[in-house]
Amino acid sequence: MAHRHAHGDGHGDGHEPGQAERVRDVMTPAVTAVRPDASLVEAAELMRTHDIGDVAVVEDSRLLGILTDRDIALRAVAEGVDPLTVSALSVCTPHPVTVGPDESVDAAVTLMRANAVRRLPVVDDGRPLGMVSIGDLALARDPGSALADISRATPDTWPVQAV
């Protein structure tokens, strides 16, 4: 599992006062999780209910992997497998890159860039505490950016409501 630790207290490093410095300050503090043997349909229903694009695959409070809507689409549906019989563990990304809650926002950005990921599970001693997305980091680093604006926008809903 790739993991970097940030050093320093965030003072005197050129950041504006009041700017979120640590991952815990910008992460989504809830973890939506499924058991390793949960079906892809169960996972997709959770994603729809919580309006999220990923779930943690967790067993005994330990993060085993991350399952995204894209994983379901490309690794299962596009392959023609039955989403009722395929487990979350068999399709998820095992041993994902993670970040610690006390690491800097800059360290999280570096991890996302280096690993070409848009979300990082926030873990402490292997236990998932939350999730930090590229949108969360954009809001923290540059609240006026286009990505921050998009991240603040209300997500689309299904079915689409006629206006």
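Biologist: How do the axes of helix α2 and helix α3 lie relative to each other?
Modeller: In this predicted model, the axes of α2 (residues 40-50) and α3 (residues 69-76) come within 10 Å and cross at roughly 145°. The crossing of α2 past α3 is left-handed.

Biologist: Which residues make the contact between α2 and α3?
Modeller: From α2 come Leu40, Ala44 and Met47, and from α3 come Asp69, Ile72 and Ala76. By class, five residues of this contact are nonpolar, none is polar and one is charged. Asp counts as charged, and Ala, Leu, Ile and Met count as nonpolar, so Asp69 is the charged one in the list.

Biologist: What makes methionine 27 buried or exposed?
Modeller: Its relative accessibility is 15%. The cut-off for buried is under 20%, therefore methionine 27 is buried. The residue sits in the loop between α1 (23-26) and β1. Not counting residues up to four places away in sequence, methionine 27 touches Val122, Leu129, Gly130, Met131, Val132 and Asp136.

Biologist: How far apart are methionine 27 and leucine 137, in sequence and in space?
Modeller: They are 110 residues apart in sequence, and their C-alpha atoms are 8.4 Å apart. For the protein chain as a whole, 58% of the contacts between residues at least 6 apart in sequence join residues at least 24 apart.

Biologist: Where is glutamate 103, and what makes it buried or exposed?
Modeller: Glutamate 103 is in the loop between β4 (93-94) and α5 (105-115). Its relative accessible area is 3%; buried means under 20%, so glutamate 103 is buried.

Biologist: Which backbone atom lies 3.0 Å from a polar atom of the side chain of glutamate 103?
Modeller: The backbone nitrogen of glycine 100 does. A polar contact needs a pair of N or O atoms within 3.5 Å, and the distance here is 3.0 Å.

Biologist: What is noted about the phi of serine 61 and of aspartate 125?
Modeller: Both are positive in residues other than glycine: near 65° for serine 61, and about 55° for aspartate 125. Serine 61 is in the loop between β2 (54-59) and β3 (62-68). Aspartate 125 is in the loop between β5 (119-124) and β6 (127-133).

Biologist: What makes serine 61 and aspartate 125 buried, partly exposed or exposed?
Modeller: Aspartate 125 has a relative accessible area of 61%; exposed means over 50%, so aspartate 125 is exposed. Serine 61, at 43%, falls between 20% and 50% and therefore counts as partly exposed.

Biologist: How many helices and strands does the protein chain have, and how much of it is buried?
Modeller: There are seven helices and six strands. From the N terminus on they run α-β-α-β-β-α-α-β-α-β-β-α-α. Of the 163 residues, 36% count as buried.

Biologist: Where does pLDDT stay under 50?
Modeller: Over residues 1-18, for which the model has 20 contacts beyond four places in sequence. Where pLDDT is low, predicted coordinates should not be read in detail. For the protein chain the mean pLDDT is 82, and 74% of its residues reach 70 or more.

How values were computed. Residues numbered from 1 in each chain as written. Predicted model: local features only at pLDDT ≥ 70, side-chain atom pairs only at ≥ 80, totals over all residues. Heavy atoms only, no water. Axes fitted to C-alpha atoms, helices over the stretch in contact; angles between N-to-C directions. Helix = DSSP H or I, 4+ residues; strand = E, 2+ residues; numbered from the N terminus. Left-handed = near helix turned anticlockwise from the far one by under 90°. Contact = heavy atoms within 4.5 Å. Buried < 20%, exposed > 50% of the residue type's maximum accessible area, 1.4 Å probe, protein only. Polar contact = N/O pair within 3.5 Å; in protein donor to acceptor, adjacent residues only side chain to side chain. pLDDT = per-residue confidence, 0-100.
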